[in-house]
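Subject: A structure for you to explore

Hello! Here is the structure I promised to pass on to you. Have a look at it first, and then read on for what turned up.

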Amino acid sequence: VIFPLFAKGTTLSNYQYWGNMITNGTLNIAGLVLAPVIAYCLSRNKDFHNPILAAVVALTSLIVMMPFSIKILPTGASKSVTATGVLSFTNLGTTGMFAGIIIGLIATEIFIRFANMKILNINIGGNVPPSVFQSFFDMIPVILTLAIMSLVSALLLVFGKTNLIDLITNLIQEPLRRFNTSLIGMLFIYSCGNFLFTLGIHQTVINGTLLDPVLLINMNKNMAAYAAHEKIPYILTNTFRDTFGMIGGTGSTICLLIAIFIFSRIKASRNVATLAVAPGLFNINEPVIFGYPIVFNIPMMIPFVLQPVIGISIAYFFTVIGFMNRVVVYIPWTTPPLLSSYLATAGDFRAVLVQALIIIIGIALYLPFLKISERVTAKQAAMEKIIEFINICFLKMSRYLDLLR
């Protein structure tokens with residue numbers, strides 16, 4: 001987005017190479033990183049004595065399950081060739097995320113079960129270093145786990161002419177991605193997550209599990225297509241969702257803050273908004289959700305769940321009709337509003353106008369519910385004062401009766 005403003009030709013290509021290397025070390029090895037991390041956390045949660053070894057076994061198992069040969073397109077060639085003895089960023093990256101998750105879980109469970117069988121543990125005894133003792137102690141469980149994973153990989157290759165990575169991708173990941181990344185599917189799941197947030201349960205319980213992995217796949221494919229100057233394949237990505245459905249944080253609460261500053265005369269509301277506006281500019285809105293509050297506040301639940309649906313739908317419409325570019329840059333979710341839409345669409349000012357329109361509509365949506373919430377709060381405060389007055393009267397009366405006795 002920025003470099004083309006002052007760099008061209010070879011210089012720009014060198015900058016692109018630098019950026020691609022960062023992508024290769026992050027998104028393009030997501031599946032490879034997930035397997036050992038999941039194995040480590042799972043084994044630690046099960047109080048297994050050697051979580052590091054479990055992580056190594058999971059990582060090895062993932063490599064064991066990789067395709068024995070892959071088709072690659074050499075630079076400048078028009079026809080792909082089959083290569084063996086190589087690992088592909090396609091299988092190691094976002095496409096292999098589900099494989100990394102599943103293999104990380106399965107391999108760890110198998111390994112821990114074997115390791116907990118005392119008959120399979122080798123106790124060499126004697127005065128040897130702990131690392132040496134531990135290596136022999138878990139040797140047979142490691143061998144058995146990798147043998148099983150290798151056997152599965154071989155059977156899939158011999159009888160199915162496939163591998164577990166492709167199997168998981170085709171049977172689980174792709175069908176899930178097609179539904180979850182459809183407009184209806186994404187809005188339904190995202191709204192469920194936002195509704196949970198109004199009950200105090202963080203939305204990542206739903207969205208982080210069901211949406212983020214598959215939307216990240218779309219984002220990665222969009223970036224790859226943009227870098228190769230090809231047609232951008234997808235509209236809905238995790239960055240698209242965050243940029244147009246999470247303006248100021250989950251529920252697009254920057255709209256609520258602006259509505260409070262413009263229309264509210266309640267001191268408590270303005271105090272919360274003043275404290276929340278700085279983090280809200282970077283899409284961190286827990287001060288609003290728990291401080292205003294939105295949690296268990298029935299009037300505020302409605303716009304909190306509805307506004308992201310409206311924002312994403314509006315942005316989707318303007319993208320479909322070609323008014324603005326598709327999202328092709330994976331920006332941090334903490335990027336401030338207006339700047340986020342500009343950067344995510346590779347410098348399209350029309351996207352900024354769309355995001356500004358969404359914010360204006362959000363202010364109009366939040367306003368009536370803000371007024372209702374403030375009236376309810378005022379009545380509750382008045383009721384609390386009445387109850388407090390009655391309690392004081394009863395307390396004084398009881399003391400007076402005690403004196404009479």
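Is Glu 109 buried, partly exposed or exposed? Its relative accessibility is 26%, so Glu 109 counts as partly exposed. Keep in mind throughout that this is a predicted model.

Side chains of opposite charge can pair when their charged atoms come close.

Together, Asp 212, Arg 241 and Asp 242 are linked in a network of salt bridges.

How open to the outside are these residues? Arg 241 has a relative accessibility of 6%, so it counts as buried. Asp 242 is buried too. Asp 212, in contrast, is partly exposed, because its relative accessible area is 28%.

**The chain as a whole**

Now zoom out. The chain holds 18 helices and 2 strands, and buried residues make up 43% of its 405 residues. A compact globule of 405 residues would have a radius of gyration near 22 Å, but this chain has 28 Å. Along its principal axes, the C-alpha trace spans about 90 × 70 × 40 Å.

An unreviewed UniProt entry lists several stretches as "transmembrane region", including residues 52-73 and 93-115. In the model, residues 52-73 are 59% helix and 18% strand, and their end C-alpha atoms are 37 Å apart. Residues 93-115 are 83% helix and 0% strand, with 30 Å between the end C-alpha atoms.

Some residues separated along the sequence come together in space. Leu 27 and Gly 93 are 66 residues apart in sequence, yet their C-alpha atoms are 5.9 Å apart. Leu 27 lies in the loop between α1 (9-24) and α2, and Leu 27 is buried, because its relative accessible area is 11%. Another pair is Phe 89 and Asn 24: they are 65 residues apart along the chain, with their C-alpha atoms separated by 7.5 Å. Phe 89 lies in helix α4 (residues 89-92) and is partly exposed, because its relative accessibility is 40%.

**A nonpolar patch**

On the surface, Phe 68, Leu 151, Leu 155, Leu 157, Val 158 and Phe 159 form a nonpolar patch, with about 680 Å² of accessible area together. Val 158 is placed in helix α7 (residues 139-160). At a relative accessible area of 51%, Val 158 is exposed.

**Cysteines and backbone details**

How many disulfides does the structure hold? The number is 0.

In the backbone, look for the peptide bond from Tyr 292 to Pro 293, which is cis, with omega near -5°. Pro 293 is in the loop between α15 (286-291) and α16 (298-320). Phe 296 lies in the loop between α15 and α16, and its phi is near 60°, a positive value in a residue other than glycine. Phe 296 is exposed, because its relative accessible area is 61%. Ala 346 also has a phi near 60°. You will find Ala 346 in the loop between α17 (339-344) and α18 (349-404), and it is partly exposed at a relative accessible area of 22%.

Enjoy exploring!

Notes: Residues are numbered from 1 along each chain as its sequence is written. This is a predicted model: local features need pLDDT of at least 70, side-chain atom pairs count only at pLDDT 80 or more; totals for chains, interfaces and linings use all residues. Side-chain values use heavy atoms; hydrogens and water are left out. Patches are made of residues with over 30% relative accessible area and no salt bridge: like charges are joined within 9 Å, nonpolar side chains (Val, Leu, Ile, Met, Phe, Trp, Tyr) within 5 Å. Accessible areas come from the Shrake-Rupley method with a 1.4 Å probe; for residues, only the protein chains shown count as cover. A salt bridge is a side-chain nitrogen of Lys or Arg within 4 Å of a carboxyl oxygen of Asp or Glu. Helices (H or I, at least four residues) and strands (E, at least two) are DSSP runs, numbered from the N terminus. Buried means under 20% relative accessible area, exposed over 50%, partly exposed in between (1.4 Å probe, protein chains only). A disulfide is a pair of cysteine sulfur atoms within 2.5 Å. UniProt positions are given in the numbering used here, feature names are shortened, and annotations may be inferred rather than shown by experiment. The radius of gyration is taken over C-alpha atoms; the globule rule is 2.2 Å times the number of residues to the power 0.38.
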